[in-house]
Amino acid sequence: MSRKVLTLVLIRKPNEVLLGYKKRGFGSNKWNGFGGKVEDNESICEAAIRELREESGLVVSPANLQQVGMINFEFVGDPIILEVHVFTSAMYEGQHFETEEMMPKWFKLQDIPFHEMWADDRLWFPLFLSGKKFQGYFLFQGHDVILKHTLNTVEHF
Ligand SMILES: Nc1ncnc2c1[nH]c(=O)n2[C@H]1C[C@H](O)[C@@H](COP(=O)(O)OP(=O)(O)OP(=O)(O)O)O1
């Protein structure tokens, strides 16, 4: 098994969350936070800030970025584990805009489109939205079926 480290950033307002509709590549046609692979020359936090800026146009400073989750994803038949570090911020600069990869949109918390998101999201979003930190593991069959999972709250990262 080898590991790929990725980031995922969820920008919050008190009653809303900013999601992006992924237009191409891995996870296309799903709403998700903003993120991607950590490059060799950067920290996980730097990657989270860069991917957010590239995919949404928003800028967050390191001081305002808070890690809320860490999730390992495994796919049956694939030797690569995806280690996704989940961050949030309520402070940001700039105006979001559509990029060639993502179309951003604010969602009221009661209108989060879980039916058009990764299947794991509906399990850990409630922890995130209630201010808890968490660690999870999900084993997927294809991109839609969760065969097994664990999900636990943690005190800190
Ligand atoms: N199951 C699940 N739930 C929620 N979020 C995710 C998953 N699996 C995931 O991979 N993700 C997140 C993690 C990342 O934020 C993206 C995937 O990043 P990806 O688009 O592959 O990375 P980039 O570096 O942007 O890739 P390029 O398209 O530029 O090659 O989804």
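The model is predicted, so local features need pLDDT of at least 70 and side-chain atom pairs count only at pLDDT 80 or more, while totals for chains, interfaces and linings use all residues. Residues are numbered from 1 along each chain as its sequence is written.

Q: How do you know whether the radius of gyration agrees with a compact globule?
A: The radius is taken over C-alpha atoms, and the globule rule is 2.2 Å times the number of residues to the power 0.38. For 157 residues a compact globule would come out near 15 Å, and the chain has 15 Å, so the two agree. The C-alpha atoms fill a box of roughly 40 × 40 × 35 Å along the principal axes.

Q: Why is His-143 called exposed?
A: Take the C-beta atoms, placed from the backbone, and count the others within 10 Å: 20 or more is buried, 12 or fewer is exposed, and in between is partly exposed. His-143 has 12 such neighbours, so it counts as exposed. You'll find His-143 in the loop between β7 and β8.

Q: Why is Asn-29 exposed, and what is its phi?
A: Asn-29 has 9 other C-beta atoms within 10 Å, so it is exposed. Its phi is positive, about 65°, although Asn-29 is not a glycine. Most residues other than glycine have a negative phi. Asn-29 sits in the loop between β2 (16-22) and β3 (31-32).

Q: What makes β7 a partner of β4 and of β8?
A: Two strands pair if DSSP finds at least two bridges between them. Seven bridges join β4 (residues 66-75) to β7 (residues 133-141), and these strands run parallel.

Q: How do you know how the span of α1 compares with the expected one?
A: The expected span is 1.5 Å times one less than the number of residues. Helix α1 (residues 44-56) has 13 residues and reaches 18 Å from first C-alpha to last, close to the expected 18 Å. Its buried residues include Ala-47, Ile-49 and Leu-52. Among the elements covering the buried residues of α1 are β1, β2, β5 and β6 (102-108). After α1 comes Gly-57, with a positive phi near 90°.

Q: What makes a residue part of the shell around the ligand, and how many are there?
A: A residue is near a molecule if its C-beta atom, placed from the backbone, lies within 6 Å of it. In this model 16 residues surround the ligand, and the closest are Phe-26, Gly-35, Gly-36, Lys-37 and Trp-118. β1 (2-13) and β5 (80-89) are the elements that give two or more residues to the shell, and β1 gives the most, three.

Key
Helix = DSSP H or I, 4+ residues; strand = E, 2+ residues; numbered from the N terminus. Contact = placed C-beta atoms within 7 Å.
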